[in-house]
Amino acid sequence: ITSATEGGLVRFRFSHELTRQTLIGDVSLTRRQLLHLRVADAMERVYASSLPDHAADLAYHLVEAGRRADQARTLRFLVLAGERALEAAAYEDAARHFDRALSVIAPDDLPARAPLLEKLAMAERSLGHPDDAIATWNEALDAYETIGDPETVARLCMDAGIQVAWWARAGDTRRLVARGLSALGDR
């Protein structure tokens, strides 16, 4: 194990990755999950005043803790990590965090899934994956329609339509605008 000072903090690392892997290989899955949970607990206490800055690391340890971690807590940090990644233009990380968050939520929990799908679509759009973004926006729109939120459907259709128009995809833009107007009806 080697130590180094970074920004006034002493950090310890294994001098070689093979050493780390050998030690990890000797730890049972149950023990490893419990260790990840203990690390997440400690991080949450130590970084209580700056949790958003450490959300990605906390999410990692909670995901690795598996079923031993509280699902709502894992979801909270995955979403927070995804939002922070979006703000930092780290779109691949954002998409990965939102994908993981969606895997934690039950498929029939549409009120929880819809906003995450919307955020995932923004990450996909920013990565330059228009087909994925449109498919994810449509999935979010389906969820918002099913839960009966026409105002959000209209807003998302407008937001997505503007993005899709920049890609010069007139047919997709027309479909989104028509869907948003239909959601509002006579309003």
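Modeller: Rings of Phe, Tyr and Trp (for Trp the six-membered ring) pair if their centres lie within 6.5 Å; planes under 30 degrees apart count as stacked, over 60 as edge-to-face and the rest as tilted. This is a predicted model, in which local features need pLDDT of at least 70 and side-chain atom pairs count only at pLDDT 80 or more, while totals for chains, interfaces and linings use all residues. Residues are numbered from 1 along each chain as its sequence is written, and side-chain values use heavy atoms, with hydrogens and water left out.

Colleague: Which residues form the aromatic pair, and how is the pair classed: stacked, edge-to-face or tilted?

Modeller: The structure holds one aromatic pair. Its members are tryptophan 137 and tryptophan 167, with 6.3 Å from centre to centre. The planes stand at 35 degrees, and the class is tilted.

Colleague: How many residues apart in sequence are the parts that this pair ties together?

Modeller: Helices (H or I, at least four residues) and strands (E, at least two) are DSSP runs, numbered from the N terminus. Tryptophan 137 lies in helix H7 and tryptophan 167 in the loop between H8 and H9. The pair therefore ties together parts whose separation in sequence is 30 residues.

Colleague: Is tryptophan 137 buried or exposed?

Modeller: Buried means under 20% relative accessible area, exposed over 50%, and partly exposed in between (1.4 Å probe, protein chains only). Tryptophan 167 has 26% and is partly exposed. Tryptophan 137 has a relative accessible area of 2%, so it counts as buried.

Colleague: In the largest nonpolar core, which residues touch the most other members?

Modeller: A nonpolar core is a set of buried Ala, Val, Leu, Ile, Met, Phe, Trp, Tyr and Cys residues joined through side-chain atoms within 4.5 Å. The largest one has 43 residues. Those touching the most other members are Phe77, Leu116 and Trp137.

Colleague: Which helix gives the largest share of this core?

Modeller: Several helices give two or more residues to this core, including H2 (29-46), H4 (71-87) and H9 (170-184). The largest share is seven residues, and it comes from H7.

Colleague: How do H4 and H6 cross: left-handed or right-handed?

Modeller: Axes are lines fitted to C-alpha atoms, for helices over the stretch in contact, and angles run from 0 to 180 degrees between N-to-C directions. The axes of H4 and H6 come within 11 Å and cross at roughly 30 degrees. A crossing is left-handed if the near helix is turned anticlockwise from the far one by less than a right angle, and right-handed if clockwise. The crossing of H4 and H6 is left-handed.

Colleague: Which residues in H6 do Leu75, Val79, Glu83 and Leu86 in H4 meet?

Modeller: Contact means heavy atoms within 4.5 Å. On this basis, the four residues named in H4 meet three in H6: Leu116, Lys119 and Ala123.

Colleague: Where is glutamine 33, and which residues does it touch beyond four places in sequence?

Modeller: Glutamine 33 lies in helix H2. At 12% relative accessibility, glutamine 33 counts as buried. Leaving out residues up to four places away, glutamine 33 touches Glu64, Ala65, Gly66, Arg67 and Arg68.

Colleague: What is the phi of alanine 168?

Modeller: Alanine 168 lies in the loop between H8 and H9 and counts as exposed at 70% relative accessibility. Although alanine 168 is not a glycine, its phi is positive, at about 55 degrees.
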